[in-house]
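Please look over the sequence and the model shown here before reading on.

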Amino acid sequence: MKRLIPLFLMLFSGAIMAQQSYSIEPIKDNVYRFSVGHYHSVFMVTDDAIVVTDPINPEAARYLKDTLAQRYEQPIKYLIYSHNHIDHTRGGDVLANEQVEVISHQYAYEDLSWTKAPTALPTLTFNDTLRVNLGDSHVQLRYYGPNNGRGSISMRFMPANVLFVADWIVLGRMPYKSLPGYDIHGMIRSTEAVLNEPTFDVLVGAHAETGDRDDVVNYLNYLKALYNGVRDGMLAGQSLEAIQASLTLNEYSHLAMFDEWRVQNIEGVYNTLIEQSYFNLRE
């Protein structure tokens, strides 16, 4: 019976993936959003080639590859990973071949390589910025430092002026649970950096909604209210439970998953201040 367990799990997982809904929708000009359940990535179609981003999983990547081949004559030339997390990078081996350059930040490459991630490894990496040219269009890649996972970057698709960011900017929804894999300081700093850059027309996130600059400002305001509230509660000597009870953040109750994740968001910041800032060692 023990040998049947892995097979059962594989069949069960495959059944779940088969039930995933796929959709492709235009965002602006030659940039499109690819959605798999509550996951999103983007791709750009030019006269000569196509650039795709996070494959999400093998089944999704296979669907995207087949659909692009049916709709367009142009081949996929670039595959860009937003960061290292496996729930965004799996399926890279479905899209990649000898004609496809796989791009990521150096830190994302190191993590995928060192952990022997089951996906295609990047063939081109960078440290700060990289411009990927495709005829009259290009993609500007930028690294902001730690924020979520390793080597997380933004991708600005030009001239459409569409910005794609995975996980560390989430519009219309709370950040994920207790912020596993997140750096709250980096989330705030990186989001501020995005807002200090030239204005984008549309921001597409790897989860939740699309939006504009005002939506990103509102998201940043939530992060700051969350962080400041937890910090001030700790400075006042409150326990985690007391902060969770008193820090209501009601002005953000319209965000999706607010009731489910508010106390977990607070716990995530609280633990970060202990683990990264040694808040518990203060006199």
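Which residues point one way from E2, and which point the other way? Val31, Arg33 and Ser35 point one way, while Tyr32, Phe34 and Val36 point the other way, and all are buried, where buried means under 20% relative accessible area, exposed over 50% and partly exposed in between, with a 1.4 Å probe and protein chains only. This is a predicted model, in which local features need pLDDT of at least 70 and side-chain atom pairs count only at pLDDT 80 or more, whereas totals for chains, interfaces and linings use all residues. Residues are numbered from 1 along each chain as its sequence is written, and side-chain values use heavy atoms, with hydrogens and water left out.

Helices (H or I, at least four residues) and strands (E, at least two) are DSSP runs, numbered from the N terminus, and two strands pair if DSSP finds at least two bridges between them. Strand E2 covers residues 31-36, and its two antiparallel pairings are set out below.

| Pair | Bridges | A bridge partner pair |
|---|---|---|
| E1 (residues 22-28) and E2 | 6 bridges | Ser23 and Ser35 |
| E2 and E3 (residues 39-45) | 6 bridges | Val36 and Tyr39 |

The hairpin of E1 and E2 has 2 residues between the strands, and there Asp29 takes a positive phi near 55°; the hairpin of E2 and E3 also has 2 residues between them, with Gly37 in the turn at a positive phi of about 60°.

Thr89 lies in helix H3 (residues 86-89) and is buried, with a relative accessible area of 0%. Not counting residues up to four places away in sequence, Thr89 touches Pro55, Tyr81, His83, Asn84, Leu112 and Thr119, contact meaning heavy atoms within 4.5 Å.
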